[in-house]
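Please open the model in your viewer and keep the selection panel at hand. The tour below goes from one selection to the next and says what is found at each stop.

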Amino acid sequence: KQWYQRRVAITAGNKVVKKMNKATVKIHFGIPHCNVRDLKILAFSDAALSNLPDKTSSTRSFVIFLSGKGKLAPLSWCSRKLERVAKTIIYAEGIALGKCLDEAINLKQTLTQIMNLGKDDVVNHDLIPIIGITDSKSLWDNINSTSQADDLKLRREVASIREQLELKEVAEVKWTPTELQLADCLTKTTAPNESLIHVLTTGEFNIQL
């Protein structure tokens with residue numbers, strides 16, 4: 001049963017892959033030559049509440065890009081069962097964003113090492129800033145509020161994200177409408193995936209975030 005649920009959890013992500021397999025598609029991995037100060041990491045995250053067959057388990061997803069001179073190159077993506085049972089969508093979105101930002105921070109550390117941008121293994125937070133992107137307005141409001149969330153579990157997720165912002169590990173968390181949330185189709189089988197496929201194949205995302 002557990003194996004079956006995990007299989008179902010990645011169905012949304014496989015939807016994109018299957019569509020791409022129907023035709024000859026090339027994924028765009030490169031970005032134009034540019035100054036390192038023009039680079040940034042865009043981390044899109046999403047969640048769906050209680051959408052698995054057991055009606056209690058949820059899913060989370062993210063897709064992370066390196067951005068430079070108007071072009072995006074995919075660095076990492078994920079679509080899987082949420083590690084915990086979520087009672088509310090805002091809590092599920094909080095977990096999803098937290099996991100996404102953790103992955104983005106790890107990717108930035110790898111990039112800075114490859115590009116020799118750090119000093120004594122210390123990451124320069126001014127270079128390749130990380131921008132987290134969520135379509136949950138409630139979560140975004142909680143992150144930017146001076147008050148604490150009533151839900152203790154959500155409060156912990158939000159506190160962790162706030163700490164990453166305070167330490168400048170993450171430059172900013174932005175809200176975007178669902179139609180511009182590239183990770184949306186990785187959690188919901190009914191969500192359109194054309195925007196994500198377009199970005200993956202062309203590297204173009206002509207929306208100012």
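**The nonpolar cores**

Begin by selecting Ile 41, Ile 64 and Ile 128, which touch the most other members of the 35-residue largest nonpolar core; such a core is a set of buried Ala, Val, Leu, Ile, Met, Phe, Trp, Tyr and Cys residues joined through side-chain atoms within 4.5 Å, where buried means under 20% relative accessible area, exposed over 50% and partly exposed in between, with a 1.4 Å probe and protein chains only. Then colour the elements that give two or more residues to this core, namely strand E1 (40-48), strand E2 (59-68), helix H3 (89-114), helix H4 (137-143) and helix H5 (152-166); helices (H or I, at least four residues) and strands (E, at least two) are DSSP runs, numbered from the N terminus. Helix H3 contributes the most to the core, with 12 residues. Apart from this core lies another, of 16 residues, which includes Leu 42, Ile 133, Leu 182 and Leu 200.

This is a predicted model, in which local features need pLDDT of at least 70 and side-chain atom pairs count only at pLDDT 80 or more, while totals for chains, interfaces and linings use all residues. Residues are numbered from 1 along each chain as its sequence is written, and side-chain values use heavy atoms, with hydrogens and water left out.

Return to Ile 64 and display its contacts (heavy atoms within 4.5 Å): leaving aside residues up to four places away in sequence, Ile 64 touches, among others, Ile 41, Leu 42, Ala 73, Pro 74, Cys 100 and Leu 107.

**The aromatic cluster**

Next, select Phe 44, Phe 65 and Phe 205, which form one aromatic cluster. The structure holds two aromatic pairs, a pair being rings of Phe, Tyr and Trp (its six-membered ring) with centres within 6.5 Å, whose planes count as stacked under 30 degrees apart, as edge-to-face over 60 and as tilted for the rest. The rings of Phe 44 and Phe 65 have centres 6.1 Å apart and planes at 85°, so this pair is edge-to-face; Phe 44 sits in strand E1 and Phe 65 in strand E2, 21 residues apart. Phe 44 and Phe 205 are also edge-to-face, at 5.8 Å centre to centre and 90° between the planes. Because Phe 44 lies in strand E1 and Phe 205 in the segment after H6, that pair ties together parts 161 residues apart in sequence. Phe 44 has 0% relative accessibility and counts as buried, and Phe 205 counts as buried at 14%.

**Helix H6**

Now move to helix H6 (residues 194-202), whose buried residues are Leu 196, Ile 197, Val 199 and Leu 200. Look down the axis of H6: these buried residues fall within an arc of 160°, taken from the directions from the helix axis to the C-beta atoms, so they line one face of the helix. Gly 203 follows H6 and has a positive phi, near 75°.

**The cysteines**

Which cysteine sulfur is closest to that of Cys 78? It belongs to Cys 100, and at 9.2 Å the two are too far apart for a bond. A search of the whole structure finds zero disulfides (pairs of cysteine sulfur atoms within 2.5 Å). Cys 78 counts as buried at 15% relative accessibility, as does Cys 100 at 0%.

**Confidence**

Finally, colour by pLDDT, the predictor's confidence in each residue, from 0 to 100. The chain has a mean of 86, and 83% of its residues reach 70 or more.
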